[in-house]
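Please look over the sequence and the model before reading on.

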Amino acid sequence: GQTPHTRFAVNLEIWWRGLPVLQRLEKVAEFGYPAIEFWPYENKDIPALAQACQRLNLEVAQFTAWGFTPHLNDPKHHDAFVKKVKEACAVAHQLNCKRMCVVGGNVTKGLTKEQMHQNIAEGLKRAAEAVEKEQVMLILEPMNGRKDHPGHSLYGSEAGMKITRQVNSPFVKVLFDLYHNQMAEGDLCGHLREGFDQLGYV
């Protein structure tokens with residue numbers, strides 16, 4: 001896991017699935033990786049995770065604060081979104097983590113793509129004050145609908161960066177997933193170059 005110029009974070013949800021989470025951390029350290037990431041925090045023993053990461057000198061690079069449902073693209077969920085973001089910031093501080101992933105959500109019936117994207121931007125604007133105060137970055141992850149997430153509301157980094165530019169906060173940026181964005185839009189180098197100011201995590 002040691003590379004001279006790039007820090008790789010191992011996703012605990014994907015690697016060594018047959019082991020308990022804390023034993024997966026041991027494997028991450030054994031292979032020489034400097035960091036981890038994971039999806040929902042609600043089902044994790046956060047104090048134990050924090051203690052193990054400190055002992056093994058592992059950074060928590062990011063975790064998921066808001067997933068596919070309820071839909072962030074539906075304004076009726078924005079109050080709950082802001083509340084959840086504030087709760088997740090407290091978890092991030094326990095883990096000494098600087099970034100939290102949020103997802104735009106699956107398609108909300110009756111709304112156009114443009115309306116859903118605008119609603120995602122509005123929800124992120126509402127949460128921006130909290131994350132700026134707590135100094136924890138929200139990273140918005142666009143998906144791909146070709147293979148993994150049909151029926152989702154946000155595909156490709158170009159659309160994600162249009163949303164985060166609207167929000168206009170140094171603590172609301174894009175999670176640029178190379179796999180999802182190659183599937184959704186291609187031209188990874190071009191999109192990285194054009195959206196570099198909006199990158200929160202790659």
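Leaving aside neighbours within four places in sequence, Phe63 is in contact (heavy atoms within 4.5 Å) with Phe38, Trp39, Tyr41, Ala88, Val91, Ala92, Leu95, Cys97, Arg99, Met100 and Cys101. This is a predicted model: local features need pLDDT of at least 70, side-chain atom pairs count only at pLDDT 80 or more, and totals for chains, interfaces and linings use all residues. Residues are numbered from 1 along each chain as its sequence is written, and side-chain values use heavy atoms, leaving out hydrogens and water.

**Core**

- Phe63, Leu95, Met100 and Leu124 touch the most other members of the largest nonpolar core, which has 55 residues.
- Such a core is a set of buried Ala, Val, Leu, Ile, Met, Phe, Trp, Tyr and Cys residues joined through side-chain atoms within 4.5 Å.
- Buried means under 20% relative accessible area, exposed means over 50%, and partly exposed lies in between (1.4 Å probe, protein chains only).
- Helix H3 gives the most to this core, with eight residues.
- Helices (H or I, at least four residues) and strands (E, at least two) are DSSP runs, numbered from the N terminus.
- In soluble globular proteins, nonpolar side chains tend to be buried together.

**Ile46**

- Ile46 sits in helix H2.
- With 8% relative accessibility, Ile46 counts as buried.
- Outside four places in sequence, Ile46 is in contact with Tyr41, Val91, Gln94 and Leu95.
- Ile46 and Val91 are 45 residues apart along the chain, yet their C-alpha atoms are separated by 7.4 Å.

**Sheet**

- Seven strands form an open sheet in the order S1-S2-S3-S4-S5-S6-S7, with parallel pairing.
- Two strands pair if DSSP finds at least two bridges between them.
- Strand S1 (9-11) and S7 stand at the edges with a single partner strand each, so one side of each is left without a neighbour in the sheet.
- Neighbouring strands of this sheet are turned by 35 degrees against each other on average, direction ignored.
- Axes are lines fitted to C-alpha atoms, for helices over the stretch in contact, and angles run from 0 to 180 degrees between N-to-C directions.
- Parallel strands S5 (residues 137-140) and S6 (residues 172-175) are joined by three bridges.
- Across that pair, Leu140 stands opposite Val174, and the bridge partner of Ile139 is Lys173.
- Helix H4 (residues 113-134) packs on the sheet and touches strand S4 (99-102), S5 and S6. The direction of H4 makes about 160 degrees with that of S5.
- S6 and S7 (residues 199-201) also run parallel, joined by two bridges. Here Leu175 has Tyr201 as its bridge partner.

**Helix H5**

- S5, helix H5 (residues 157-167) and S6 make a right-handed β-α-β unit.
- Right-handed means that, with the strands pointing away from the viewer, the path from the first strand over the helix to the second runs clockwise.
- The buried residues of H5 are Ser157, Ala159, Gly160, Met161, Ile163, Thr164 and Val167.
- These buried residues pack against H4, S5, S6, helix H6 (178-184), helix H7 (188-194) and S7.

**Cysteines**

- How many disulfides are counted? The count comes to zero, where a disulfide is a pair of cysteine sulfur atoms within 2.5 Å.
- Cys53 is in no disulfide, and its nearest cysteine sulfur, that of Cys97, is 9.7 Å away.
- Cys53 is buried, with a relative accessible area of 4%.
- The sulfur of Cys101 is too far for a bond, because the closest cysteine sulfur, in Cys97, is 11 Å away.
- Cys101 is buried as well, with a relative accessible area of 2%.

**Backbone points to check**

- Most residues other than glycine have a negative phi, and most peptide bonds are trans.
- A cis peptide bond joins Thr69 and Pro70, with omega about -5 degrees.
- Pro70 lies in the loop between strand S3 (59-66) and helix H3 (78-95).
- Asn57 is not a glycine, but has a positive phi of about 60 degrees.
- Asn57 is in the loop between helix H2 (46-56) and S3. Asn57 is exposed, with a relative accessible area of 66%.
- Asn168 lies in the loop between H5 and S6, and is exposed at a relative accessible area of 66%.
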